[in-house]
Every structure is written in C-alpha cells, then in structure tokens.
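Please keep the model open while reading.

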Amino acid sequence: MSGNSQLAHYDQTAPPDTRALLRRHGLRCTPGRLHVLSLLSAPDLHLSIAEACERLTRLGDAIHPTTVYRTLEVLTATGLTHAVHGPGATRYGITGAPHHHTVCQECGHVAALASTRLTEAVGKIEELTGLRPDASGSLLVYGRCADCGE
C-alpha cells in the first residue's frame, strides 16, 4: 500500500473515540491528526517532532515533518496534547489525567509522573516556595535519567 492510500485507509478506520475527540474540539478528522493522536495515545509517551516522524514512518504512515509540527501546534492549542519544554527538542504528549513530568537535563527524555502519587510532595513544594503547577496541573522535575546518570 502506498503512503497516501495508507493515510486514506487509516482515515476510514480510525477509532471512533479519536474522531469524536477531534470533533468535540472543533477540529476536522484529517489523516495527519488521526495518526498523531493515535501515535501519542500510548501511555506516558512524549515525543519530539523528529521522533514522531520517525515512528510514523516506521509504521508506514510517513507524514511530512511540517505537517506533524502544524498538527501538534493545533492539538496543543486546543488542549488535546501538551508540550514539555526542556533541554533539546520540545516533546509532546497526549493530555489526559493530570500528571507531572521528569525531564533529563542531559538527553531530554521526558517521563510522566502520576499526580496522585505526588499530591503530598506538590503540596509541600507549594507551601515552602509558593510554586504551583501550571494551568495543565503539571510540574517539571529536572535531573538525570538512569541512562545518563552513570
């Protein structure tokens, strides 16, 4: 199947909840949006634009990097995805349950931390410093990941 026919095929077979999610936010169900949302729907996944393009290409769903960039900008502006800025490229994740993020200062890897596990710690940080989670409910915790920490 060629790339364009795969996109057309995917557009017709995308999960109904993905289509409904886009429509609820006033967005058309374009193949690019459906592909990017499906890619990021894996739990705790945060990808840069380059990583998203690479994974989409490996899946046989090559989308031009400019399209991925514009798609992520629209999805982030509507709140369907969120951007995590850190060292290196911005990484994007699906917006779901409120969560915090760890960011490796060396390689830029982003991981999600469930808010429920950190409620007490976040409360203490706010009490001590006045620092509160951003509008998305997220705090960023910087350090070095296990791969870079050695």
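Two strands pair if DSSP finds at least two bridges between them. Strand 4 (residues 99–104) and strand 6 meet that rule, because they are joined by four bridges, in the parallel sense. This is a predicted model.

**The chain as a whole**

The chain has 150 residues, and 33% of them count as buried. Its secondary structure comes to six helices and six strands. Along the sequence, these elements follow the pattern α-α-α-β-α-α-β-β-β-β-α-β. Take the contacts between residues at least 6 apart in sequence: 45% of these join residues at least 24 apart.

Strand 4 pairs with strand 6 in the parallel sense. Here Cys104 has Gly143 of strand 6 as its bridge partner. Strand 4 is also joined to strand 5, by five bridges, and these two strands run antiparallel. Strand 4 and strand 5 make a hairpin with five residues between the strands. Gly108 in this hairpin takes a positive phi near 85°.

Another open sheet of three strands has the order 1-3-2, and its pairing is antiparallel. Strand 1 (46–47) and strand 2 are the edge strands, each pairing on one side only.

Two bridges join strand 1 to strand 3. Leu47 finds its bridge partner in Tyr92 of strand 3. Helix 3 packs on this sheet and touches strand 1, strand 2 and strand 3. The direction of helix 3 makes about 85° with that of strand 3. Helix 5 packs on the sheet too, touching strand 2 and strand 3. Its direction makes about 105° with that of strand 2.

Strand 2 (residues 81–84) and strand 3 (residues 91–94) pair in the antiparallel sense over four bridges. His82 has Gly93 of strand 3 as its bridge partner. These two strands form a hairpin with six residues between them. Gly88, in the turn, has a positive phi of about 80°.

The bridge partners named so far are collected here.

| Residue | Bridge partner | Strand of the partner |
|---|---|---|
| Leu47 | Tyr92 | strand 3 |
| His82 | Gly93 | strand 3 |
| Cys104 | Gly143 | strand 6 |

**Where two helices meet**

Two packed helices are described by the angle between their axes and the distance between the axes. The axes of helix 3 (residues 31–40) and helix 5 (residues 65–77) come within 10 Å. They cross at roughly 70°. Angles of 65 to 115 degrees count as roughly perpendicular, so helix 3 and helix 5 are roughly perpendicular to each other.

Which residues of helix 3 and helix 5 make the contact? Helix 3 brings Gly32, Arg33, Val36, Leu37 and Leu40. Helix 5 brings Thr71, Leu72, Val74 and Leu75. By class, the contact of helix 3 with helix 5 has six nonpolar, two polar and one charged residues.

**Cysteines**

A disulfide is a covalent bond between the sulfur atoms of two cysteines. How many disulfides does the count give? It comes to zero, with a disulfide taken as a pair of cysteine sulfur atoms within 2.5 Å.

Is Cys29 buried or exposed? Cys29 has a relative accessible area of 15%, so it is buried, the cut-off being under 20%. Cys53 is buried as well, with a relative accessible area of 10%.

**A loop residue**

Where is Arg132 placed? Arg132 sits in the loop between helix 6 and strand 6. Its relative accessible area is 57%, so Arg132 is exposed, given that exposed means over 50%. Leaving aside residues up to four places away in sequence, Arg132 touches Glu126 and Leu139. Arg132 and Val122 are ten residues apart along the chain, and their C-alpha atoms are separated by 7.7 Å.

How values were computed. Residues are numbered from 1 along each chain as its sequence is written. This is a predicted model: local features need pLDDT of at least 70, side-chain atom pairs count only at pLDDT 80 or more; totals for chains, interfaces and linings use all residues. Side-chain values use heavy atoms; hydrogens and water are left out. Buried means under 20% relative accessible area, exposed over 50%, partly exposed in between (1.4 Å probe, protein chains only). Axes are lines fitted to C-alpha atoms, for helices over the stretch in contact, and angles run from 0 to 180 degrees between N-to-C directions. Angles under 35 degrees count as roughly parallel, over 145 as roughly antiparallel, 65 to 115 as roughly perpendicular and the rest as oblique. Contact means heavy atoms within 4.5 Å. Ala, Val, Leu, Ile, Met, Phe, Trp, Tyr, Cys and Pro count as nonpolar, Asp, Glu, Lys and Arg as charged, and the others, Gly among them, as polar.
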